[in-house]
Amino acid sequence: MKPLKLYAALALAFLHAPLLVLIAFSFNAGRFTVWEGFSLHWYQAAFADTQLAEGLINSLIIAIVAAPLSTVIGTLAAYGMWRRQAPVLAGTLYLSLVTPEIVTGVSLLALFQWLFRFLRLPLGLHTVIVAHVAFSIAYVAIVISARLRDYDRALEEAAMDLGASGWRAFTRVTLPVIAPAIAAAALLSLVVSFDDYVITSLVAGVDSETLPMVIYAMARRGVSPVVNAVSAFIVVAFGVLILISQRLQEK
Amino acid sequence: MNLRRLCLLPARVWTALFIAAPLAIVCAYSLLTRGDYGGVEQPWTLENFTRLADPLYLAILWRSLVIATLSTALCALLGFPLALFIARAGRHKNLLLQLLLLPFWTSFLVRTYAWLFILRDTGLINTILHTHLQLLYNDGAVLLGLVYNFLPFFVLPMYATLEKLDPALLEAAADLGAKPFATLWRVIIPISAPGIAAGSVLVFIPCLGAYLTPDLLGGGKTVMLGNLVQNQFTTARDWPFGSAASLLLMLASALLLAALMRSRAAKELM
């Protein structure tokens, strides 16, 4: 057992070390990978960077619109598929999970360009939002379906026997029970929306660069500990959101 | 309209418009001709698909297959012992699973950038070693990035099958005189075959369609299928050919996953 234990420790270290190194050097006073003392300089630089600020604002707008929308659509879909199957919808959602991100991205780009001929609607925040909702619905539906699987439908039937309409039984009996799962799904879709680079970069317009797009451009340009500072910030923020989401799913 | 249909309606409309329709457009484009200014024109043709058999593109296809296969093999090799340890860790199981997944939950872009930071010529490794090794922009860097990003995809299903492994079987093997290696080879691995199959497919699919990792860590040199698709839709502006490449990628992913869903692995893991 000893060598296996040592191996597992090394493997887990391999998974964590790169991120820890990244975070550590975001507090480095120097620009390069030599430790020159503790400093918050790069965080100040990150906060002062107008491109990053614009990217952050765009990402927040997108996530704040897309996450609730996909949560509502996905939750209703999961509820609709709970007792009776909806093979076409289930198949399409499955398809959206299987499709490589790059293909999802170019296919949406093709759609938007095609629509552009009729609607004169350029790429922008709205096209990103539409795309994010499209790929988040499946995630939401999975989380909610998992919760509904352990939910006793007798509760809803009892409500209806007592005279509640189907809608009333849903909102007053089922919804409170699955509320933690809905919150978990909302946080999850917030994170996937905030994180996406591949699809977003294809359907975003010139004036709708998101935070990951700005980070990508900076990483491409070369060494800047500012990227480390933003990354550290994202690592911590995502970690907290996901931990909350997991706690909610266990309820 | 009843309540159930009303609930399904928004998802049906949204997925039809923004998942099914875009893919249908890509299917149609793959059969059309590239226009003079980068648009899409008639006549209908199969030329985009036959062009995929061009030696230039076959090389990209082959490279994607090799990199995805190697990534999968490495994930299996590195992931199997880790899954075995977690499955037998007793009360620390949940903590270890959290530790496995925590880095996975941070941004994909940030995880890939971390390796850029470590490997580049003025990066951490070269600074520590006082060298100027070219660690980035080669197949090895891409492989490392893919294994790093997708290792949990292998460990999780592997763990799920190993957890169900009855310890009595291992004791029985030992009682009958099997050495640890024989137990591993003749008992543990055959029983955990569904986990190996599921984990392999779950790693292979995203690796085959990888775009960001080869783009950032492979530089311009390591072009994989995902990069080919992106390039055709942006720089090269050959949408019909890009569509054909997209369909190939999708078909491969969908077939592999369908095979997995029909196999013994799916029944045991779900």
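Where is the kink in α6(A) centred? The kink, of about 35°, is centred on S136(A), the bend at a residue being the angle between axes fitted to the seven residues ending there and the seven starting there. Helix α6 of chain A covers residues 125–149. Its 25 residues should span 36 Å at 1.5 Å a residue, and the end C-alpha atoms are 36 Å apart, which agrees; the expected span is 1.5 Å times one less than the number of residues. Helices (H or I, at least four residues) and strands (E, at least two) are DSSP runs, numbered from the N terminus.

The model is predicted: local features need pLDDT of at least 70, side-chain atom pairs count only at pLDDT 80 or more, and totals for chains, interfaces and linings use all residues. Residues are numbered from 1 along each chain as its sequence is written, while chains are lettered from A and ligands numbered from 1 in the order in which they are written. For chain A the mean pLDDT (the predictor's confidence in each residue, from 0 to 100) is 89, and 99% of the residues reach 70 or more. Among the elements of chain A, the lowest mean pLDDT, 86, belongs to helix α11 (residues 225–250), and the highest, 95, to helix α9 (residues 198–203).

Chain B contains 14 helices and two strands. The C-alpha trace of chain B spans about 75 × 70 × 35 Å along its principal axes. Of the 270 residues in chain B, 45% are buried; a residue is buried if 20 or more other C-beta atoms lie within 10 Å of its own, exposed if 12 or fewer, and partly exposed in between, with C-beta atoms placed from the backbone. Contacts require C-beta atoms, placed from the backbone, within 7 Å. Among contacts in chain B between residues at least 6 apart in sequence, 72% join residues at least 24 apart.

The contact between the chains takes 61 residues from chain B and 64 residues from chain A. Helices of chain B that each supply at least two residues of the side touching chain A include α3 (55–87), α5 (108–119) and α13 (239–262). The largest share of that side, 18 residues, comes from α1(B). By class, the side of chain B that touches chain A has 46 nonpolar residues (Ala, Val, Leu, Ile, Met, Phe, Trp, Tyr, Cys and Pro), three charged (Asp, Glu, Lys and Arg) and twelve polar (the others, Gly among them).

Y137(B), a residue other than glycine, has a positive phi near 55°. Y137(B) is found in the loop between α6 and α7 (139–163) of chain B and is partly exposed, with 18 other C-beta atoms within 10 Å. Phi of R237(B), likewise a residue other than glycine, is positive and near 50°. R237(B) lies in the loop between α12 and α13 of chain B and counts as partly exposed, with 15 C-beta neighbours inside 10 Å.

Key. Contact = placed C-beta atoms within 7 Å.
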